[in-house]
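Hi everyone, thanks for coming. Let me put the sequence and the structure up on the screen, and then we can walk through a few features together.

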Amino acid sequence: MAAQIYVVRHAESAHNVSKDFNHRDPPLTELGFQQASQLAQAFPYGPHVGVILVSPLRRAIQTTLAAFPHILDKRYFSPDSGQGIEDGAILIVDPDLQERSGFPCDTGSPRSLLEETFPYLPFDGLEDTWYVKEAAYSSENEAVEERAARVRHYIAHLLAKLKDQEKNTLIVLTHGVFMKSLVGDDRIDLPKAGWKAYTLKTREANYTFVPAEGL
C-alpha cells in the first residue's frame, strides 16, 4: 500500500473568532487548544508517522504541539513536560506551508521571536525574511502554485527516505486556503483541526495528491 499523507488544518485561532485580519500571526483560542487535544484522541495513525511538516505560523505550530505530543520526538518539548516520545516523528518547520494571503493574520513572526516562543523547535530552515509576502511567498496565483509544487516535491523526497522504515507516513499541517493549491482541490474545506488522507501520484516528474480510499 502506498504511504499515506495526512493533510491537517490548524485549530481555531483568535482571528477566526474576532475577524480581525490585522492581528499579526494570531495564536490559538482556548477552543482551538481543545480542538487540537480532540484531534490527538481521534487521529488513529500516529504509530506510522515518521515526519510532521508544519507551517511556521504560530497557530499551526501550537496545533502541532498540542495535537501530536504522542507522535513527536521528545526533543521538541521541555524535558520537564513529560511530552514527546523516544524515537518519535521528526518535526520540520517549512515556510512553504504558510498561508496564502498578505493580511497580517496570515503573516508570520520573525525567526527570533519564534525561537523565543518555541525554544525546542528547529527553525534553522527559516530565513530572517521568510514572512515577507513577496517573490516566492507572494499571494499571486503563480507564486502560490509554484510553492505548492515545491511542497509536493519535498514530500515525495521525504516519503522516499521513509519508505523502508516502519514509520513511513507523513503529516502536513497547514492552512485552509493554501491547502487548496497543495492538494489541487478548490472545494476542500476541512474543519478546524480536521484532516484528510492522501497518497502521492507521480507523472513525468510531477506530483499530485490523490484522496486515499476509506481514510
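Which element gives the most to the lining of the second largest pocket? That would be α5, with 3 residues. Before going on, a word on the model: it is predicted, so local features need pLDDT of at least 70 and side-chain atom pairs count only at pLDDT 80 or more, while totals for chains, interfaces and linings use all residues. Residues are numbered from 1 along each chain as its sequence is written, and side-chain values use heavy atoms, with hydrogens and water left out.

Let's stay with that pocket. A pocket here is found on a 1 Å grid over the protein atoms alone, as an open set of points where a 1.4 Å probe fits, with protein on both sides within 12 Å along at least five of seven lines; lining residues have an atom within 4 Å of a point. The second largest pocket has a volume of about 200 Å³, a volume being the space filled by probe spheres set on the points, which are joined across faces, edges and corners. Its lining includes Gly50, Val51, Ile90, Leu158, Lys161 and Leu162. The elements that contribute two or more residues are β2 (49-54), β3 and α5; helices (H or I, at least four residues) and strands (E, at least two) are DSSP runs, numbered from the N terminus. By class, this lining has 6 nonpolar, 3 polar and 3 charged residues. Ala, Val, Leu, Ile, Met, Phe, Trp, Tyr, Cys and Pro count as nonpolar, Asp, Glu, Lys and Arg as charged, and the others, Gly among them, as polar.

The largest pocket has a volume of about 280 Å³. Of its 18 lining residues, Arg9, His15, Asn16, Glu99 and Val177 lie nearest the centre. Its lining has 4 nonpolar, 5 polar and 9 charged residues.

Back to helix α5. Its 22 residues, 141-162, should span 32 Å at 1.5 Å a residue, and the end C-alpha atoms are 31 Å apart, which agrees; the expected span is 1.5 Å times one less than the number of residues. Among its buried residues are Ala143, Arg147, Val151, Leu158 and Leu162, where buried means under 20% relative accessible area, exposed over 50%, and partly exposed in between (1.4 Å probe, protein chains only).

Asp96 is buried at 9%, whereas Arg150 is partly exposed at 34%.

Finally, the aromatics: how many pairs are there? The count comes to 10, with rings of Phe, Tyr and Trp (its six-membered ring) pairing if their centres lie within 6.5 Å; planes under 30 degrees apart are stacked, over 60 edge-to-face and the rest tilted. Tyr6 and Trp195 have ring centres 5.9 Å apart and planes at 80 degrees, so they are edge-to-face. They sit in strands β1 and β5, 189 residues apart. Tyr6 is buried at 3%, and Trp195 is partly exposed at 24%.
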